[in-house]
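Good morning, colleagues. Please look at the model on the screen while I speak about its charged side chains.

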Amino acid sequence: MTDLAALPDSWDIWAEGEDGRLVLAYRPDIFNGNDLPAPCLPTLYLTHGKRTRRPGQNPTDTTGRNDWYVTLYLEPEITLDGGTQFSTRSDALSAALELARQFDAGEIDYRDCYQVPREQYFARLDEFTGRESVGESGGG
């Protein structure tokens, strides 16, 4: 069983449901409207059944499936690769922790998820994640 102690210090447990759902938030201390825009707070969701709603709303489990999903929201309407499906919560949690580690280490190229380049925001986020700025949208 994967332990949440492996969660990088930059991620906080935002919510943990009795049903196994988990919401992680990346550096809420810097997404405060002063350093970076609060609505852009990256969140990682581990859910039972595919999420049909966006962050800030109650997730629903209308699929009736036993599958677990991991989804990284860069902003409420922007996700990384639309989420990943797992047959067990343990596998999903392992994947969520690895994704959190990769994001924190600057290994995730979030630029390709945006239709409109936000270079100033990307450069600032790069500073916090340790990612080397590429200077242009879509580069890696």
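This is a predicted model: local features need pLDDT of at least 70, side-chain atom pairs count only at pLDDT 80 or more; totals for chains, interfaces and linings use all residues.

Residues are numbered from 1 along each chain as its sequence is written, and side-chain values use heavy atoms, with hydrogens and water left out.

A salt bridge here is a side-chain nitrogen of Lys or Arg within 4 Å of a carboxyl oxygen of Asp or Glu. By this rule, there are 9 salt bridges.

Let me begin with E75 and R118, whose side chains meet at 2.3 Å, N to O. E75 belongs to strand β4 (residues 68–75) and R118 to the loop between α1 (89–104) and α2 (119–129), so this pair ties together parts 43 residues apart in sequence. Helices (H or I, at least four residues) and strands (E, at least two) are DSSP runs, numbered from the N terminus. Buried means under 20% relative accessible area, exposed over 50%, and partly exposed in between, with a 1.4 Å probe and protein chains only. E75 is buried at 13%, whereas R118 is partly exposed at 26%.

What of D126? Its salt-bridge partner is R111, with the closest N and O atoms 2.4 Å apart. D126 sits in helix α2 and R111 in the loop between α1 and α2, 15 residues apart. D126 is buried, at 1% relative accessibility, and R111 is buried, at 1%.

Finally, salt bridges with shared partners join D35, R124 and E127 into one network.
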